[in-house]
Structure formats: C-alpha cells, structure tokens
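Thanks for coming. I will go through strands, then cavities, then salt bridges. Please have the viewer open.

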Amino acid sequence: MPLLLQVQDLHVAYTSRAGTKHPALEGVSFDARAGEILGVLGESGSGKSTLASAPLRLLPGNAEIQKGAVLFEGQDLLRAEPRVLEGIRGARIALIFQEPWLALHPTIRIGEQISDVLAAHESGGRQALRQKTLQLLAEVFPSDVARISDSYAHQLSGGQQQRVLIAQAIACGPSLIVADEPTASLDPTTQRDILQLFQTLREKLNLSVILITHNPALLSGLADRVLVLYAGKVAEVGPTDRVLRFPQHPYTRRLMESMPAGLDESAKARKSRLPVIPGEAPNLGTLVKGCRFESRCTDRMDRCTQRDPAPVVVGDAHAVSCFKYED
C-alpha cells in the first residue's frame, strides 16, 4: 500500500506554569498507508493524544513542536501556511475526539452541525446541504436518520453521538481519519458496533484510519498494524497479529499479559489474578538517560541505563526498540 502519512522524528513538549518543559513525544517516527487501519496502543500518559493532535497542529497553547516533519501527500504539515492547513483539516484529514458530548454543540441540532462542516469546505444551497447531511447520517446509522438529524446531542446515546462524529469526519471525503479513543466511554456491545463501522467505512470509502486506544483487544482483527507507545517513544511497531500474539518488547509483553481472559477461556483462567507491570511510568519532567522502561523491566541490562535503544528489525515489517535484539 502506498504511503499516505509519514511522521519523522517528531518531538513535542509541554511547558508547565513554572516554565519547565515536559517532553510528550521524543523521536517518534511512523507511517500510515493508504486504505489501512493503524492502531496506536499505550497506557495513559504515553503521548497518544498528543500524537493525534500534532499532525494538524491542534495542540494546546502550552505545547511546542520542537522538531520533526509530518508529510501528508508529500507536504510537510508542520511547515504549511495556516490557509493551506485549514483546507486540509476536515477535508483531507479528520480528527475524532474521545468525548463526543464535549465535541458536539448542545444547542444546535445534529443536522445543522454536520451541514456546517460541509459548508466550511464546499459550496451549495441549503437544500443540497440538507440532502447530503441525510446521506451522511445514512452511512453511519441503520435507521431513524431524519429523527437523528433533528435531535440535539443530549437526546442521543453515547454510541449515537459517536456515530454523529464519524459522520462529520467523513463529510468532506477525507483520506485519513485519526480517532482518539473513540470507544473509551462506550459499553462493550456499542464498542464492537463502532469498530465494525470503522471497518465498513474503510472498505467502502477506501479510508485510512489511525485508531488510538489503551485496549489491545480492540485492535485484534481490526487493525492492520500496531504501534506501541511508551512514555513518548515508540517501543514496538509491526503487523497486528505479530505484535499482539508474539510481542517482542518487554513492555508490550507485560501489557498483553495483564489483559483479562476472554469468555472463551477456561473458568480457572478467568478467575486467576492478573499480573501487573511493577512500578510506575517515568515522570517526563525529570527524565534521566537510558531506556524509559528500564526501571520496570525484568529483562534490564547495564546498558539500559546508559542510552536509548534504537529500533531493531526483528521480522517482516516488525521493529522493536530494545537492547535484547541488538547485535
């Protein structure tokens, strides 16, 4: 698959009220390919939401992109003029936020909110916008399209609100959707429905999706590849089946071991105590040199405290940042 997005050596830091810089992403590099679903996996504080917002330069005011490049269809978004970037946001790359009730306006009907997205990027009369809005809602809702369009956000369930955000995201026919924890607040059944919707839209519209989550189970059977973030750095990246079933990085392995057993597992397995990753994630404001997982890693070696490990290819399109695999 051809490359659609290339993130190269991205560094992002936040400045505290005291003036201290706290790195959120350091040296992050990856690519997203046309028509694929790339999963981004990591625990809270790993830099996932920063990674979602940085390419479109939608970071908060205390954030600074210190270094790197984000190439989209050959253009560096980090150096694009504001007018050019405005034409890409929503139209070519769409961002879906984690909390739909915060992203949707409480006093504007759903149909009007989608029409506003369309009107910002294309011309057309009121009736044409209304018709296209209903068509978009029909792409993401199995029924009750007219009722949904005339509703306010508070009249919809969490799953319905998330579907509205997806309708907004696909409104202008983007090539890429970045979804930041889109199912985090939904029940398991609704989560499955939303993930299936992403799969359907990917196939129907030839969309690329970057799906950000803290839950590995959501990526199995859905994502083509998985990128694992830890403390602002890429720990592992590769085909989903290999990364989730045969994790090579000690952090990825411990993360998978801490997942609860599924319903198809034995009753004994479901009742067994889950292992936990010892210690805590590092304070990004007081980092020391060396591997960021070193203090929590049972495989640590002397060199782990001396410098950061470089990515090492361990299989077909599978790379791990760990000294265990260096020559």
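Which residue stands opposite V237 in β12? It is A319. Before going on, a word on provenance: this is a predicted model, where local features need pLDDT of at least 70 and side-chain atom pairs count only at pLDDT 80 or more, while totals for chains, interfaces and linings use all residues. Residues are numbered from 1 along each chain as its sequence is written, and side-chain values use heavy atoms, with hydrogens and water left out.

Back to the strands. Helices (H or I, at least four residues) and strands (E, at least two) are DSSP runs, numbered from the N terminus. Two strands pair if DSSP finds at least two bridges between them. Strand β10, residues 233-239, and β12 are joined by two bridges in the antiparallel sense.

Both belong to an open sheet of eight strands, in the order β6-β7-β8-β3-β9-β10-β12-β11, with mixed pairing. At its edges are β6 (93-96) and β11, each of which pairs on one side only. On average, neighbouring strands of this sheet are turned by 20° against each other, direction ignored. For that angle, axes are lines fitted to C-alpha atoms, and angles run from 0 to 180 degrees between N-to-C directions.

Next, β1 and β2. Strand β2 covers residues 21-33 and runs antiparallel to β1, with nine bridges between the two. Y14 stands opposite H22 in β2. The two strands form a hairpin with five residues between them, and G19 in the turn has a positive phi of about 90°.

Now the cavities. A cavity is a set of points, on a 1 Å grid over the protein atoms alone, where a 1.4 Å probe fits but cannot get out; lining residues have an atom within 4 Å of a point. Grid points are joined across faces, edges and corners, and a volume is the space filled by probe spheres set on the points. The whole structure has two cavities of 30 Å³ or more.

What lines the second largest cavity, of about 50 Å³? The lining consists of L5, V7, F30, L51, A52, P55, V178, I210 and I212. By class, these are nine nonpolar, no polar and no charged residues.

Last, salt bridges, meaning a side-chain nitrogen of Lys or Arg within 4 Å of a carboxyl oxygen of Asp or Glu. The whole structure has 22. One joins R254 and E257 at 3.4 Å, N to O. Both residues lie in helix α10 (250-257), three residues apart, about one turn of the helix. R254 is buried at 17% relative accessible area, and E257 is partly exposed at 40%. Buried means under 20%, exposed over 50%, and partly exposed in between, with a 1.4 Å probe and protein chains only.

Another salt bridge joins E326 and R303 at 3.8 Å, N to O. E326 lies in the segment after β12 (318-321) and R303 in the loop between α11 (267-271) and β11 (311-315), so the pair ties together parts 23 residues apart in sequence. Finally, D31, R33, E36 and R225 are linked in a network of salt bridges.

Technical notes
1 Å grid on protein atoms, 1.4 Å probe; cavity = no way out; pocket = protein on both sides within 12 Å on 5 of 7 lines; lining within 4 Å. Nonpolar A, V, L, I, M, F, W, Y, C, P; charged D, E, K, R; others polar.
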